[in-house]
Amino acid sequence: MKTFLNGLLDAIFPSGCRYCGKKLGLNREVCFCETCWKSIRIIKEPACVYCGKQLFNENEHFCGDCTVRRLSFTDNRSAGIYEGVLKEALHEFKYKGKRSLVSPLGKIMTAYISKTGGVEDIDFIVPVPVFEKKKADREYNQAELLADYIGRSFKLPVLKDVLLRVDDTPPQYKFGVEERFKNVNGVFAVNNSSKIKWACILLVDDLLTTGATADECSKMLLGSGASQIRVFTLARGL
Ligand SMILES: [Zn+2]
Ligand SMILES: [Zn+2]
């Protein structure tokens, strides 16, 4: 029976693991083989206390970027390093319509929180929004799906009508550091600000690289009465 099912699945989903090509078992929704999932590097101590970047020297507490620029959120924590399988999985999730990846990717985030703590003071989760037209084209906002997954796991409300993206801009990866900050300047707006007065918010996104997007969102939320913004992202660009 199992062989028959595998044969049938091979016909429907002919490709193997998206990273190494190895044949996948019955659970093809996860797109990658078990060995590849296990190869994802989870961020460990020491990591920058502000931006969550993996550090490699035991005596360091913050990274070089944070010595020259402090962003408006309290801190960012990222679960994994943006490379290899995690980078590929995020690409499939974000641009190739592999919505089912929310489960294994969300699990990486919730496992990280369970281990390190840090959501005890959170009142609400707010996902980083995408421009409505883009969301309609992709059929979902990946940050929203991850936020829902975390919200369900830790019984935290997810507010989707508070932070809006009012302008579309080219993707951040096309720009250098300074240009990334300019690219997102003024593209977010806050709605229903009474909901977030004095709130401690967990801002959720899939990826943090320079922190420009999270910084801009945090400025807007703090400017509208939130008391603190903590950021949590699936992956941290090096
Ligand atoms: Zn593989
Ligand atoms: Zn840092």
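This is a predicted model: local features need pLDDT of at least 70, side-chain atom pairs count only at pLDDT 80 or more; totals for chains, interfaces and linings use all residues.

Biologist: At roughly what angle do the axes of α4 and α5 cross?

Modeller: The axes of α4, residues 84–95, and α5, residues 102–116, cross at roughly 130 degrees and come within 10 Å. Because of that angle, α4 is oblique to α5; angles over 145 degrees would count as roughly antiparallel.

Biologist: Which residues of α4 and α5 meet?

Modeller: From α4, L86, A89 and F93 meet V102, L105 and I108 of α5. This contact of α4 with α5 comprises 6 nonpolar residues, with no polar and no charged ones.

Biologist: Let us turn to the metals. Which atoms coordinate the zinc ion (ligand 1)?

Modeller: To read a site, one lists the donors, then examines the angles. For the zinc ion (ligand 1), the SG atoms of C17, C20, C33 and C36 coordinate at 2.3 Å. The angles among its 4 donor atoms are 105 to 119 degrees, and the site is tetrahedral. The spacing of its donor residues in sequence is C-x2-C-x12-C-x2-C.

Biologist: Which residues coordinate the zinc ion (ligand 2)?

Modeller: The zinc ion (ligand 2) is held by SG of C48, C51, C63 and C66, at 2.2 to 2.4 Å. This site is tetrahedral, with angles of 105 to 120 degrees, and its donor residues are spaced C-x2-C-x11-C-x2-C. C48 and C63 both lie in the loop between α2 (34–38) and α3 (64–68), so the pair ties together parts 15 residues apart in sequence.

Note on methods. Residues are numbered from 1 along each chain as its sequence is written. Chains are lettered from A and ligands numbered from 1 in the order in which they are written. Side-chain values use heavy atoms; hydrogens and water are left out. Axes are lines fitted to C-alpha atoms, for helices over the stretch in contact, and angles run from 0 to 180 degrees between N-to-C directions. Helices (H or I, at least four residues) and strands (E, at least two) are DSSP runs, numbered from the N terminus. Angles under 35 degrees count as roughly parallel, over 145 as roughly antiparallel, 65 to 115 as roughly perpendicular and the rest as oblique. Contact means heavy atoms within 4.5 Å. Ala, Val, Leu, Ile, Met, Phe, Trp, Tyr, Cys and Pro count as nonpolar, Asp, Glu, Lys and Arg as charged, and the others, Gly among them, as polar. Donors are N, O and S atoms within 2.8 Å of the metal (3.2 Å for Na, K and Ca); water is not among the atoms, so sites may look incomplete. Four donors count as tetrahedral if all angles lie between 85 and 135 degrees; four count as square planar and six as octahedral if opposite donors are over 155 degrees apart and all others between 65 and 115; anything else is irregular.
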